[in-house]
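Hello,

Here is the structure we talked about. Please open it first, then read the notes below.

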Amino acid sequence: MAEMVTIREQDLIDSVADALQYISYFHPMDYIRALAAAYEREENPAAKDAMAQVLANSKMCAQGHRPICQDTGIVNVFLKWGQNCRLESDKSMQEVVDEGVRRAYNHPENKLRASIVADPAFTRRNTKDNTPCVLNVEFVPGNTVSVDVAAKGGGSENKSKFKMMNPSDSIVDWVLEMIPQMGAGWCPPGQIGIGIGGTAEKAILLAKESLMEEIDIHDLKARGPRTDTEALRLEIFEKVNALGIGAQGLGGLTTVLDVKIKEWPCHAAGKPVAMIPNCSATRHAHFMLDGSGPSFLETPKLDEWPDVTWAPDKDAKRVDLDTLTHEEVQSWKHGDRLLLNGTMLTGRDAAHKRIQDMLAKGEELPVDFKGRAIYYVGPVDPVVGEVVGPAGPTTATRMDKFTDMMLDLGLLAMIGKAERGQGATQVIAKHKVAYLMAVGGAAYLVARAIREAKVVGFEDLGMEAIYEFTVSDMPVTVAVDAEGNNVHQLAPLVWKERIAREAEAV
């Protein structure tokens, strides 16, 4: 029998902590290469600008060692534990890995946002250190430990789909039905992972695991599929991109950069299928332990990033938020590019719920929203020299049910990520105001536009408190104008038609 290899508790903790810090500011290079190629191909200026923001943000984060996205994710860890290895610890595997998570998220030089809440159905108390992670352990032959870590943002995780299909149902048809329903809150372009077979929970796990694999769809396309699964990957890839959804849902040629599929045998009576997207803040890494000490990931070279820079659009309209009027807001048209200057308020899920409760009790609110703009954001804590940490937008649809209430308080504009639902769009048109979209996955770039930040309400809510930001040339797009024209509905239709016409002409 092979000699046992000892994996020290501290080595696993240190390796997990290092990997999570690493992926907070380094994109996987296969993702950057794929996004850069999509940027070069893109013909829609709005989508191209969004991709330029993500690429420029990525390089800035790599240089500054700051988070790619303010949503630093829920941690997923996949351990393939060699059967000749023993963990030298009196703690459970979950406790040891969680200690690595805790150290990564509380790192003094790059503190990451704690987004995990305990008691999820009721009090939803923040655990303060992003623990516990979601841990999967598989025992395999061998004398090494293989570890995949990922930090999965809520915007993309919330778009996960699952169906217990009949054996004869079409997977392609289901995917094409689901993708438009997912909207742009998952921050395309990214990957979609598909799990087929097993049981309900196995299919979902397969989909998640598939997202750890390297992007290779263009290599597959060049050599041609060799299996039915490869042919299915290509078919879904081509048909999803033909929908014209594009970067950030603004319309364009690239919605997905790759389609991954993993399978497992299933019961003859069914066909479980799961689909999970990875967003533009794709964050995952792999390392091995062999008993010789911790594993630290190699720093990528900055010259591997494409030479893509972003600067404010010279045709964009500059807006002074401190003198904003209803008339000016009503002059904006869907698709207009704006550069915001002056002061705005922030608020997201918890703040909106508390405002609702206070209004119901007749209590006075801590701030006056009349004539103001509100930004849906939960920023990362700042480090030395920063006004605020990375502060990209959160998914706006979560605030849809509060929109009428907030507009009744006198708001003139809302800023968030991705589309608004039909009900919220109608409310926006009723009040003759606007919804503005900032690019998800460009949180460090957006934070550079924030010159001052102070908490003005609900300080106990932490990152969900109400801040007042002073901004300079913060880039946004008018996503819903005062007439209710919605760029996320209109632009993809234009690009879907254009892609279809060009396909017919070939």
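**The largest pocket**

Helix α5 makes the largest contribution to the lining of the largest pocket, with four residues. Keep in mind that this is a predicted model, where local features need pLDDT of at least 70, side-chain atom pairs count only at pLDDT 80 or more, and totals for chains, interfaces and linings use all residues. Residues are numbered from 1 along each chain as its sequence is written, and side-chain values use heavy atoms, with hydrogens and water left out.

The pocket has a volume of about 1300 Å³. Its lining counts 49 residues. Nearest its centre are Ser-115, Val-117, Arg-348, Met-463 and Glu-464. At least two lining residues come from each of β5 (125-126), α5 (154-157) and α11 (349-360). By class, the lining splits into 17 nonpolar, 16 polar and 16 charged residues.

Now the terms. On a 1 Å grid over the protein atoms alone, a pocket is an open set of points with protein on both sides within 12 Å along at least five of seven lines. A cavity is a set of points where a 1.4 Å probe fits but cannot get out. Lining residues have an atom within 4 Å of a point. Points are joined across faces, edges and corners, and a volume is the space filled by probe spheres set on them. Helices (H or I, at least four residues) and strands (E, at least two) are DSSP runs, numbered from the N terminus. Ala, Val, Leu, Ile, Met, Phe, Trp, Tyr, Cys and Pro count as nonpolar, Asp, Glu, Lys and Arg as charged, and the others, Gly among them, as polar.

**Domains**

The protein is assigned domain 1 (1-153 + 284-309), domain 2 (155-280) and domain 3 (317-491). These bounds come from an automatic or database domain assignment. The C-alpha centres of domain 1 and domain 3 are 30 Å apart. Their contact (heavy atoms within 4.5 Å) takes 20 residues from domain 1 and 25 residues from domain 3.

**Two cavities**

The count is two cavities of 30 Å³ or more. The largest cavity holds about 130 Å³ of space. It is lined by 18 residues, and Asp-49, Gln-53, Arg-337, Pro-475 and Thr-477 are the closest to its centre. Two or more lining residues come from each of α3 (45-64), β14 (337-346) and β19 (466-480). Helix α3 gives the most, four residues. The lining has 13 nonpolar, two polar and three charged residues. Domain 1 and domain 3 each provide at least three residues of this lining.

The second largest cavity holds about 50 Å³. Among its lining residues are Lys-152, Lys-208, Asn-278 and His-284. Strand β7 (residues 145-152) has the largest share of the lining, three residues. The classes are four nonpolar, two polar and three charged. Why does this cavity lie between domain 1 and domain 2? Both domains give residues to its lining, so it lies between them.

**One residue to look at**

Ser-24 sits in helix α1 (residues 9-25). Is Ser-24 buried or exposed? Its relative accessibility is 5%, so Ser-24 counts as buried. Buried means under 20% relative accessible area, exposed over 50%, and partly exposed in between (1.4 Å probe, protein chains only). The Ser-24 side chain makes a polar contact with the side chain of Asn-110 (3.1 Å). A polar contact is a pair of N or O atoms within 3.5 Å; within protein, one must be able to donate a hydrogen and the other to accept it, and residues adjacent in sequence count only if both atoms are side-chain atoms. Leaving aside neighbours within four places in sequence, Ser-24 also has Arg-66, Pro-67, Ile-68 and Leu-112 among its contacts.

Best wishes
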